[in-house]
Amino acid sequence: MLSLYYSLGPNPMKAILLLEELGVEYITVPVDVMKGEQHEPTFLALNPNAKLPVLVDGDMIVFDSNAILLYLADKFDRFAPKNDSKDRGVYLSWLMFIATGVGPFSGQSVHFKYYAPQGNDYSKKRYEFEARRHYSILNTHLNGKTWMLGEEYSVLDMALWGWARNLEFIIGAESRADFVEVFRVVDAIDARPAGQRAAAIKDRYTFKFEMDDEAKRSVFRHLEPAKD
Ligand SMILES: N[C@@H](CCC(=O)N[C@@H](CS)C(=O)NCC(=O)O)C(=O)O
């Protein structure tokens, strides 16, 4: 049986969407990052990076959302071009673009926009600029295509969905007009039965949302000297 350790952040949501699209049975294990549960030794044994998601498949442990997408797509031989297909290079390139660009720049943009103390205009501008630049590249790529790979719905669209469904929060309300193609994909996935089941996972467990001192100590570890 597959087990997914999750929170409701963009990265776990990608994995939940793929599991729902695959229609396989899996157990969900909530890890409340606002309460610091990601730093528990039992969780660190699964992911020393103290972040969600983590997939456990028997004695196989896979952490990092894009590794999980690759692993599951390969295991079930679905939602990814085969190794010898010409689309494999396109698939790997865009998956890494989302993993190493879209995710980190979106995350930092959110941090400087909402959580960092005032007076970080340089950082705020840089990360928002880079986040926008990445979504613009995706928007241009999607123009004239149904999905990231053209006609084939794949793990790439799921990886994009995880972040882009939060674009109005990440960048602002204007993002819907600025990134029409990206939102077209988000809306199409939201309308799929698996997209709806994935979104409904928020009702399965009540996570803490308050950004109080405990939460800040748990997710912004630079604010006080690390104890580990
Ligand atoms: N590169 C990792 C990043 C994972 C990540 O940042 N996960 C967030 C949720 S979206 C998290 O667990 N944050 C808790 C923390 O930073 O303490 C991935 O793609 O899985």
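The lining of the largest pocket divides into 24 nonpolar, 16 polar and 9 charged residues; Ala, Val, Leu, Ile, Met, Phe, Trp, Tyr, Cys and Pro count as nonpolar, Asp, Glu, Lys and Arg as charged, and the others, Gly among them, as polar. This is a predicted model, in which local features need pLDDT of at least 70 and side-chain atom pairs pLDDT 80 or more, while totals for chains, interfaces and linings use all residues. Residues are numbered from 1 along each chain as its sequence is written, and side-chain values use heavy atoms, without hydrogens and water.

In total, 49 residues line this pocket, and Gly9, Pro10, Asn11, Val33 and Trp163 lie nearest its centre. Two or more lining residues come from each of helix 1, helix 3, helix 4 (87–115), helix 7 (167–170) and helix 11. Helix 4 contributes the most, 9 residues. Helices (H or I, at least four residues) and strands (E, at least two) are DSSP runs numbered from the N terminus. A pocket is an open set of points on a 1 Å grid over the protein atoms alone, where a 1.4 Å probe fits, with protein on both sides within 12 Å along at least five of seven lines; lining residues have an atom within 4 Å of a point. The space in the largest pocket is about 1,700 Å³, a volume filled by probe spheres set on the points.

The ligand sits in the largest pocket, meaning that more than half of its atoms lie within 2 Å of the grid points. Around the ligand are 14 residues, with Gln38, Lys51, Leu52, Asp64 and Ser65 the closest; a residue belongs here if one of its heavy atoms lies within 4 Å. This shell comprises 6 nonpolar, 6 polar and 2 charged residues. Helix 1 (10–22), helix 3 (65–76) and helix 11 (213–219) each supply at least two of the shell residues, and the largest share, 3 residues, is from helix 1.

The table gives polar contacts, pairs of N or O atoms within 3.5 Å.

| Side chain | Distance to a ligand oxygen atom |
|---|---|
| Asn11 | 3.4 Å |
| Gln38 | 2.8 Å |
| Lys51 | 2.6 Å |

The protein covers 80% of the 510 Å² of accessible area that the ligand has on its own, by the Shrake-Rupley method with a 1.4 Å probe.

Two backbone features concern the loops. Most residues other than glycine have a negative phi, and most peptide bonds are trans. The peptide bond from Leu52 to Pro53 is cis, with omega near 5°, and Pro53 is in the loop between helix 2 (41–44) and strand 3 (54–57). Asp64, although not a glycine, has a positive phi of about 85°; Asp64 is in the loop between strand 4 (60–63) and helix 3.

Note on methods
A polar contact is a pair of N or O atoms within 3.5 Å; within protein, one must be able to donate a hydrogen and the other to accept it, and residues adjacent in sequence count only if both atoms are side-chain atoms.
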